[in-house]
Amino acid sequence: MTRQKVLQWLVWVQIAAAILVPVLPVPAQTCPNGTLLFKEDFGGNSVDDPHISTTPITAMDKAYKQNTSGKYPSISSGRYLVTKKGYANGDTTSSNPYSQWYIQDDHTYPNDYTRGYFLQVDGKDGAHTFYSTELTGLCADAQLYFSAYVANVFTYYQQSQRTLIGRHTVEPNLLFVISDAETGQEFMRSTTGPIAPDATLPELGDWRKSSTWHQVGVSLRIPTGVNAVKLTISNSAEGGIGNDFALDDIEVRLCLPPVSVAAADTICSGGTTTFEGTFTNNGTFTEPLAYRWLYSATGNLTSQDDWATIGSNSNKLTLENTTRSNEGYYRLAVASQDGLDRINCRAMSDPIHLFVRDIRSEITDTICAGESYRFNARTLTATGTYIDTLTTLFGCDSIVTLKLHERHLHRHTDSHLGLRQHRNPESANTVGNSFHSLQRTMSRRFAAVRRAFPHAKRHLQRHTEGSVGLRQHRNPESAHQAGD
């Protein structure tokens with residue numbers, strides 16, 4: 001080959017490479033601690049949230065139908081659940097209980113079936129997209145890191161038994177694609193491959209456990225000129241028995257130096273707390289740096305609309321005389337002076353969840369004449385308003401106000417003899433029955449108090465059944481008479 005032809009060939013190679021650069025992703029660093037731009041954890045992070053969500057996932061394809069019942073059999077191909085506890089696809093109440101699916105837990109709160117929703121899907125037949133969302137306002141040449149957690153919820157035991165008799169079980173195969181939101185041009189395509197069931201749970205009864213979550217993650221650099229991308233998740237598996245999976249904690253992070261925040265996660269109502277942020281600038285931003293504190297009551301990271309500015313010009317934020325209205329999520333944004341308003345171009349900390357413990361409660365209750373009432377370490381025999389102070393595990397003074405009233409029991413009088421006596425033998429048990437009924441009522445009421453103050457010290461709990469809130473007679477003899 002002549003020198004001239006070699007030079008011509010090199011020129012064509014360079015031209016071809018220049019054409020391909022906007023199409024193919026440029027390798028970018030993995031940054032699991034970068035700025036969190038988007039997170040879908042599906043909610044349900046409070047123990048007060050229902051076991052199964054009835055709120056549709058707007059990013060789910062309309063061809064999928066949401067189930068709001070966890071009872072068997074209520075889910076089938078092309079349906080999904082948003083749940084704290086995995087659906088048992090089988091009869092778990094019979095003398096020989098079984099389930100084809102694991103009782104999956106949430107990835108955000110492992111081994112805790114009281115908090116955190118995840119997405120559980122009974123896959124449809126054939127390749128299709130089931131989840132899609134968009135990110136807008138991205139920086140030029142932004143380096144992103146995408147990740148999610150997936151699990152096959154079909155049990156290893158059920159699949160192995162089917163294999164023994166020559167029957168095929170479909171394993172889910174998820175495809176993640178990031179593309180230009182305007183043109184549809186793909187920048188990244190990554191597949192999980194067939195997701196096998198959890199081989200560490202091989203026994204018949206292992207469906208009562210949770211399958212292992214697996215993280216998938218890829219990084220890419222967004223081409224110049226693109227400021228909005230679309231993320232889609234598809235299932236490439238064929239139809240049939242199986243093809244059942246769970247998805248949780250979908251994240252997109254901007255690869256910037258991390259912002260860390262030191263703060264208490266729980267404080268007492270009326271107290272003071274300070275958040276302090278730290279950021280090491282490696283040349284990403286022009287000095288001097290600018291700071292902005294953001295607050296959200298929900299912590300929603302599928303949109304930035306839930307976040308409001310509550311402080312600026314300092315890496316510290318102090319809250320004084322706190323109330324329950326201060327409870328929520330806080331994060332710190334850092335950038336150059338002229339870049340703080342570019343939401344998806346600045347460095348930000350992960351959200352910090354602040355809990356504010358309400359330290360006041362009020363109880364209204366009754367006793368019968370001649371009875372006593374144990375209120376913490378005090379024995380009460382008269383109506384009135386009483387106040388006591390407990391100490392929580394967080395050092396808060398929990399002030400409890402009791403308003404105690406006396407209930408009068410009416411007795412029948414025989415008008416002929418002038419003697420007080422019950423009209424019939426059956427009513428002789430009325431007083432005793434009333435006493436035991438009141439005991440049960442107080443047990444329920446103080447169980448509610450314990451739920452309201454889960455962190456009260458153990459000395460309060462010791463008085464719940466035998467002493468706190470239960471009426472007691474002044475001596476054993478009178479207690480026997482009431483029971484008789």
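# Pairs, bridges and disulfides

User: Which residue in β17 stands opposite Thr273?

Analyst: Opposite Thr273 stands Leu319 in β17, where strands (E, at least two residues) and helices (H or I, at least four) are DSSP runs numbered from the N terminus. This is a predicted model, in which local features need pLDDT of at least 70 and side-chain atom pairs count only at pLDDT 80 or more, while totals for chains, interfaces and linings use all residues. Residues are numbered from 1 along each chain as its sequence is written, and side-chain values use heavy atoms, with hydrogens and water left out.

User: How many bridges join β14 to β17?

Analyst: Strand β14, residues 273-279, is joined to β17 by 4 bridges, and these strands run antiparallel; two strands pair if DSSP finds at least two bridges between them.

User: And what's the strand order in that open sheet?

Analyst: The open sheet has 3 strands in the order β12-β14-β17, with antiparallel pairing. Its edge strands are β12 and β17 (316-319), each of which pairs on one side only. From one strand to the next the twist averages 15°, with axes taken as lines fitted to C-alpha atoms (for helices over the stretch in contact) and angles running from 0 to 180 degrees between N-to-C directions.

User: Switching to rings, how many aromatic pairs are there?

Analyst: The count comes to 9 aromatic pairs. One of them is Phe130 with Phe245, a tilted pair at 5.4 Å centre to centre with 55° between the planes. As for the rule, rings of Phe, Tyr and Trp (its six-membered ring) pair if their centres lie within 6.5 Å, and planes under 30 degrees apart count as stacked, over 60 as edge-to-face and the rest as tilted.

User: Where do Phe130 and Phe245 lie in the chain?

Analyst: Phe130 is in strand β5 (residues 128-135) and Phe245 in strand β11 (residues 244-254), so that the pair links distant parts of the chain, 115 residues apart.

User: Buried or exposed, those two?

Analyst: Phe130 and Phe245 are both buried, which is to say under 20% relative accessible area, where exposed means over 50% and partly exposed lies in between (1.4 Å probe, protein chains only).

User: What about Phe146 and Phe176, how are their rings arranged?

Analyst: Phe146 and Phe176 also form a tilted aromatic pair, with 5.1 Å centre to centre and 50° between the planes. Because Phe146 lies in strand β6 (residues 143-152) and Phe176 in strand β7 (residues 174-180), the pair ties together parts that are 30 residues apart in sequence. Phe146 counts as buried at 2% relative accessibility, and Phe176 is buried with a relative accessible area of 2%.

User: Which residues form one aromatic cluster?

Analyst: Phe275, Trp293, Tyr295 and Tyr330 form one such cluster. Tyr295 lies in strand β15 (residues 289-296) and is buried, with a relative accessible area of 18%.

User: Which ring does the charged end of Lys85 sit over?

Analyst: The charged end of Lys85 sits over the ring of Tyr113, 5.4 Å from its centre, and Arg331 lies over the face of Trp307 at 5.5 Å from the ring centre. The rule asks that NZ of Lys or CZ of Arg be within 6 Å of the ring centre and within 35 degrees of the ring normal.

User: How many disulfides does the structure hold?

Analyst: The structure holds 2 disulfides, a disulfide being a pair of cysteine sulfur atoms within 2.5 Å. One joins Cys31 to Cys255, with S to S at 2.0 Å, and this disulfide is left-handed because the torsion about its S-S bond is about -65°. Cys31 lies in the loop between α1 (3-20) and β1 (35-40) and Cys255 in the loop between β11 and β12 (259-262), so the pair ties together parts that are 224 residues apart in sequence.

User: And what does Cys139 pair with?

Analyst: Cys139 forms a disulfide with Cys345, their sulfur atoms 1.8 Å apart. This pair links distant parts of the chain, with Cys139 in the loop between β5 and β6 and Cys345 in the loop between β18 (328-336) and β19 (347-348), 206 residues apart. Cys139 is buried at a relative accessible area of 10%, and Cys345 is buried at 11%.

User: Last one: what does the side chain of Gln104 reach?

Analyst: The side chain of Gln104 reaches the backbone oxygen of Ser211 at 3.0 Å, and a polar contact of 3.1 Å joins the side chains of Gln104 and Ser210. A polar contact is a pair of N or O atoms within 3.5 Å; within protein, one must be able to donate a hydrogen and the other to accept it, and residues adjacent in sequence count only if both atoms are side-chain atoms. Gln104 is found in the loop between β3 (79-83) and β4 (118-122), and is buried with a relative accessible area of 0%.
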